[in-house]
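I opened the notebook to look up a few spots in this structure, one at a time. Here is what I wrote down as I went.

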Amino acid sequence: MSEFSVIYQTSDAIGPIRVLDNGESRILAFGDNDEQSKLNKKTPHVPKHSYVQVMLESLMFASPKSAIVLGLGGGALVHALRRFDGALKLTAVELRGEVIDIAKKYFYLPIGKKLNLIEADAAVFVSDADHKKVDIIFADLYGADGVDAKQLTDSFIQGCVRLLKPGGMLVLNCWKEHRQRFDVREQLQQHFCDVYGSLSSGGNWVVFATLTPGVLKEDGLKQARAELSAKLEFNVGKASLGFGPWLD
């Protein structure tokens, strides 16, 4: 496989943005040795990063009709969700307007009437709660330096709760160190009935929190993964090192 080369670069008030390509794959980067998003140009709906694959495990427990994605990046989640259900009503919130434009131009973002793109700070977006309630929220707020600290605050979590329908689910992409952030777990437990987690093979700690008890469960996962894998066209669960309640 050939090496990656920069095919587009720009910058905004936050910092540099680059698009790299090696003929087969494309990468969105915010810094050196950084991969915010990666896709195979022939199969953009199949996520390349393990944490995205793990976040999609939420679809083993829910069949959402509406969803919000906080943090668009190159649109890996949007691609996979659109493959899951072409009728799914999606809203993607992205802080950086340049990133939205790049996702459209370079990452084959599936534009259509069912996708609403909003340029906004996700923390402000959820605090304003000026949006119809949805079945599931995916929060993936990362910059060149890692997880956006706003994503782990109680005000952010409360804002997400206000935007969820009864029985809704919040999916948070964190880093492996956050597995020991029991303060965050306790915040989530104050607002959600069940809080589970899964460590990805790439070192991300993905959190699943539901407003209805008993939705998240470890029974029947083999069959659920097989069915979801067929729908999404990749092996769901391969990237997960373990799924279960978030415990000490």
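**Helix 2.** I am working with a predicted model. I began with helix 2, residues 76–84, and found that eight of its nine residues are buried, which leaves the helix mostly covered. I listed the buried ones as Ala76, Leu77, Val78, His79, Ala80, Leu81, Arg82 and Phe84. I was glad to have both His79 and Arg82 written down in that list.

**Helix 3 and what follows.** Next I looked up helix 3, residues 97–106. Its buried residues are Gly97, Val99, Ile100, Ile102, Ala103 and Tyr106. What do these buried residues pack against? I found five strands as partners: strand 1 (5–11), strand 2 (16–21), strand 3 (25–29), strand 6 (89–94) and strand 7 (115–119). After helix 3 comes Tyr108, with a positive phi near 55°. I noted that Tyr108 is not a glycine, yet has this positive value.

**Strand 7.** I followed the chain to Ile118, which belongs to strand 7. Is Ile118 buried or partly exposed? Its relative accessibility is 21%, so I put it down as partly exposed; the cut-off for buried is under 20%. Setting aside neighbours within four places in sequence, I counted as contacts of Ile118 the residues Thr91, Ala92, Val93, Glu94, Ile100 and Phe125. One of these, Ile100, is also on my list of buried residues in helix 3. I also checked Ile118 against Asn40: they are 78 residues apart along the chain, and 25 Å separates their C-alpha atoms.

**Strand 5.** Ser66 is part of strand 5, residues 66–70. With a relative accessibility of 8%, Ser66 counts as buried. Which residues does Ser66 touch, if those up to four places away in sequence are not counted? I wrote down Leu88, Lys89, Lys133, Val134, Asp135, Ile136 and Lys165.

**The annotated position.** I then turned to Asp140, which an unreviewed UniProt entry covers with the annotation "active site". Asp140 lies in the loop between strand 8 (134–139) and strand 9 (142–143). Its relative accessibility is 13%, so Asp140 counts as buried. Beyond its neighbours within four places in sequence, I found Asp140 in contact with Tyr51, Met55, Leu70, Gly71, Gln151 and Asn173.

**Helices 5 and 6.** I looked at how helix 5 (residues 154–162) packs with helix 6 (residues 182–191). The angle is about 30° and the axes are 10 Å apart. The two helices are therefore roughly parallel to each other, as angles under 35 degrees count that way. Helix 5 passes helix 6 in a right-handed crossing. On the helix 5 side the contact is made by Asp154, Ile157, Gln158 and Val161, and on the helix 6 side by Gln187, Leu188 and His191. I sorted the residues of this contact into three nonpolar, three polar and one charged.

**Last stop.** At a relative accessible area of 45%, Glu233 is partly exposed.

Methods:
Residues numbered from 1 in each chain as written. Predicted model: local features only at pLDDT ≥ 70, side-chain atom pairs only at ≥ 80, totals over all residues. Heavy atoms only, no water. Axes fitted to C-alpha atoms, helices over the stretch in contact; angles between N-to-C directions. Helix = DSSP H or I, 4+ residues; strand = E, 2+ residues; numbered from the N terminus. Parallel < 35°, antiparallel > 145°, perpendicular 65-115°, else oblique. Left-handed = near helix turned anticlockwise from the far one by under 90°. Contact = heavy atoms within 4.5 Å. Nonpolar A, V, L, I, M, F, W, Y, C, P; charged D, E, K, R; others polar. UniProt positions renumbered as here; feature names shortened; annotations may be inferred. Buried < 20%, exposed > 50% of the residue type's maximum accessible area, 1.4 Å probe, protein only.
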